[in-house]
Amino acid sequence: MLEWNRGARLDYGYEGLSRSGLDAVFDNLGWGACESRNGWKWDDVVTDLGMRFCDFAHQDYVFRAESVADLRRAHAEGRLAVVAGLEGAALIENEVDRLDVLYGLGVRQIGVAYSDANSLGSGLRERGDGGLTAFGRRAVRRMNQLGMAIDVSHSGDRTALEVIEASERPVLITHAGARQVWDTPRMKPDEVIRACAESGGVIGIEAAPYTTVSTSHRRHTIESVMDHFRYCADLVGIEHVAFGPDTFFGDHLDMHHVMSRKWGVEETIRSGPEFEPVDAVAGLENPGECFRNITRWLVKHGYPDHEIAAVIGGNVLRALEKIW
């Protein structure tokens, strides 16, 4: 799998996405999450971005989104706008100008750290969270100036709070859940969720296997995911909650098994309460099904149309208008 990934010739689920009902999707195209010795470095990610965007340019459904206007155009034209992102910033090393290069190449979202610490700050699996570094503050300031969305989904708690404090624009938690609902480092404590909302940001509720489990639903299904949704909506208001399912076409669980050491998945998941193993999160198995089933669930549970519209896209769009 690692050899295949490094070839930068990953397939893309165009057919499945065309049936998804999505107008836009955030996609961490460049594998910027992998920060170990076998991880994707600067040249690898730039090559991958070029390969992916070349593929986009030679078909008529998906296109790369670089602005809110692009997202609105995709909706009007019945197409899919892909927002290119990276889950971690290790690849910029200590060169803030690399953020300019990434922006120029079309990247519009970047995570501060993917679980491991880097030159910007600490990841969520570090035992000691040193917070946002001096270089990290420079990077946050530059991302604000460029209009690049900042994500703290995989950052440590202190680092996430200091990123939000340092940022002049809303900060996103693109895919996580509430630690009060499921006590693992992968979930966010109340103070981080509140700080995100106070910045004008949004938390997207995660749905990758074994993440947003709940004590009420220890078998991971759409019901346990929605336990996190309801908790966050009650905590900060529904206007600051969305969905970031973090799924793809294929065997997500097997991917976790292959990549667990690199991603730090095993230790962060197993550090929490016991849960019932599953092969997939029932109702949220892949990007082609997630938002249709989320919408069905919201309708079934009596949410009004304006709130449904907000949590399946409107809240994120409002935040991006301030960020981009």
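Q: How many bridges join E6 to strand E7 (residues 203-205)?
A: This is a predicted model, in which local features need pLDDT of at least 70 and side-chain atom pairs count only at pLDDT 80 or more, while totals for chains, interfaces and linings use all residues. Residues are numbered from 1 along each chain as its sequence is written, and side-chain values use heavy atoms, with hydrogens and water left out. Strands here are DSSP runs of E with at least two residues, helices are runs of H or I with at least four, and both are numbered from the N terminus. E6 and E7 run parallel, and the number of bridges joining them is two.

Q: Which residue in E7 is the bridge partner of Ala176?
A: Two strands count as paired if DSSP finds at least two bridges between them. Across from Ala176, the partner in E7 is Ile205.

Q: Which strands pair with E4, and over how many bridges?
A: E3 (residues 80-86) pairs with E4 in the parallel sense over three bridges, and Leu86 stands opposite Ile110. E5 (residues 149-151) also runs parallel to E4, with Asp151 as the partner of Gly111. So what holds such neighbours together is backbone hydrogen bonding. The partners of E4 are E3, over three bridges, and E5, over three bridges.

Q: What handedness does the β-α-β unit of E4, helix H6 and E5 have?
A: Look with the strands pointing away from you: if the path from the first strand over the helix to the second runs clockwise, the crossover is right-handed. Here the helix is H6 (residues 134-146), and the unit made with E4 and E5 is right-handed.

Q: How many residues of E4 are buried?
A: Buried means under 20% relative accessible area with a 1.4 Å probe, counting protein chains only. Strand E4 (residues 107-111) is mostly covered, and its buried count is five of five.

Q: What is the radius of gyration of the protein chain?
A: The chain has 13 helices and eight strands. The globule rule, 2.2 Å times the number of residues to the power 0.38, goes with a radius taken over C-alpha atoms. For 324 residues the rule gives 20 Å, and the chain's value is close to that, so it is as compact as a globular protein of that length: 18 Å.

Technical notes: Buried means under 20% relative accessible area, exposed over 50%, partly exposed in between (1.4 Å probe, protein chains only).
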